[in-house]
Amino acid sequence: IKTRRGSKRKNKKKRKNNKIHDSIIKEILDDKEEFKDYMEKFHNVKIEEEKLELQNKEYRTRFGLRSKYIDVLYKIQGEETFIIFEHQSTVDYVMSERMGDYCLAVVGSRRRYMVRSKNRIAPLVYPIVLSTAKKPWDATRTIKQDEGNLYKLPVQKYPEYEVTDINDYKVEFLINLR
């Protein structure tokens with residue numbers, strides 16, 4: 001019984017630490033300048049800071065009334081381009097499915113605008129995961145990879161997300177970042 005209680009307390013403390021760590025990263029990347037710097041340094045994508053628009057991050061699931069939240073969501077002003085950013089302190093083996101849901105939620109939220117627009121083009125959604133897990137990220141990045149060996153039908157193409165895995169960088173490099 002003692003070990004059960006001890007492990008429950010340990011898991012509760014670990015979850016609390018992960019939530020604090022997660023909220024710090026979200027708060028930093030809610031800042032346009034920090035997000036711009038992150039995109040340039042880790043994804044080699046240059047975005048003008050004044051074009052970044054922080055968006056509402058809540059959406060409702062299609063098959064339920066539960067709300068879900070995207071960690072950080074930016075729209076590029078004047079374009080139908082969105083960047084979804086998720087922080088993970090542990091490897092999430094269903095991340096490809098979650099990112100697919102997030103991408104579809106963004107596209108769905110723009111549906112009314114697309115119907116009224118002359119070009120009627122779906123938005124470009126760029127999903128990113130920042131992994132600060134203790135182990136390297138080894139989860140699949142697309143649902144296509146997940147279902148590849150399961151079915152005899154042609155594999156479908158779903159959004160593939162990018163990963164910034166802290167394990168890929170030397171500590172000195174990370175310390176020298178602002």
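**Entry 1: the overall fold**

I began by counting elements, and the protein chain has 6 helices and 7 strands. I kept in mind that this is a predicted model. Reading along the sequence, I noted the pattern α-α-β-β-β-β-β-α-α-β-α-β-α. Of the 178 residues in the protein chain, 34% count as buried. I also looked up contacts between residues at least 6 apart in sequence, and 60% of them join residues at least 24 apart. The protein chain exposes about 12,700 Å², and carbon and sulfur atoms supply 51% of that area.

**Entry 2: strand β4**

Next I went to strand β4, residues 72–76. How many of its residues are buried? I found 5 of the 5, so the strand is largely enclosed by the rest of the structure. I then checked which way the side chains go: Val 72, Tyr 74 and Ile 76 point one way, while Leu 73 and Lys 75 point the other way.

Which strands pair with β4? Strand β1, residues 52–54, pairs with β4 in the antiparallel sense over 3 bridges. In that pairing I found Leu 52 with Ile 76 as its bridge partner. Strand β5, residues 81–88, also pairs with β4 in the antiparallel sense, over 5 bridges. Here Tyr 74 stands opposite Ile 83. I looked at the turn as well: the hairpin of β4 and β5 has 4 residues between the strands, and Gly 78 takes a positive phi near 85° in it.

I stayed with the loop between β4 and β5 to look at Glu 80. Glu 80 forms a salt bridge with Arg 110, the closest N and O atoms being 2.5 Å apart. Arg 110 lies in the loop between α3 and α4, and Glu 80 in the loop between β4 and β5, so the pair ties together parts that are 30 residues apart in sequence. Are these two buried or exposed? Arg 110 is buried at a relative accessible area of 18%, and Glu 80 is buried at 16%.

Strand β5 gave me another pair. Glu 86 forms a salt bridge with Arg 98, with the closest N and O atoms 3.0 Å apart. This pair links distant parts of the chain, with Glu 86 in strand β5 and Arg 98 in helix α3, 12 residues apart. Glu 86 has 1% relative accessibility and counts as buried.

I then followed helix α3 itself, residues 95–109. It has 15 residues and reaches 21 Å from its first C-alpha to its last, close to the 21 Å expected. Its buried residues include Met 95, Met 99, Tyr 102 and Val 106. For my own use: an α-helix has 3.6 residues a turn, so residues three or four places apart point the same way.

The structure holds 7 salt bridges. One of them joins Lys 36 and Asp 37, whose closest N and O atoms are 3.9 Å apart. Lys 36 is buried at 19% relative accessible area, and Asp 37 counts as buried at 15%. I found that Lys 36, Asp 37 and Glu 40 are linked in a network of salt bridges.

**Entry 3: a nonpolar patch**

Ile 20, Ile 24 and Ile 28 make a nonpolar patch of about 250 Å². Ile 28 lies in helix α1, residues 2–29. With a relative accessible area of 41%, Ile 28 is partly exposed.

Conventions: Residues numbered from 1 in each chain as written. Predicted model: local features only at pLDDT ≥ 70, side-chain atom pairs only at ≥ 80, totals over all residues. Heavy atoms only, no water. Buried < 20%, exposed > 50% of the residue type's maximum accessible area, 1.4 Å probe, protein only. Helix = DSSP H or I, 4+ residues; strand = E, 2+ residues; numbered from the N terminus. Pairing = 2+ DSSP bridges. Expected span 1.5 Å × (residues − 1). Patch = residues over 30% accessible without salt bridge, like charges linked within 9 Å, V, L, I, M, F, W, Y side chains within 5 Å. Areas by Shrake-Rupley, 256 points an atom, 1.4 Å probe, with all protein chains shown as cover. Salt bridge = Lys/Arg side-chain N within 4 Å of Asp/Glu carboxyl O. Contact = heavy atoms within 4.5 Å.
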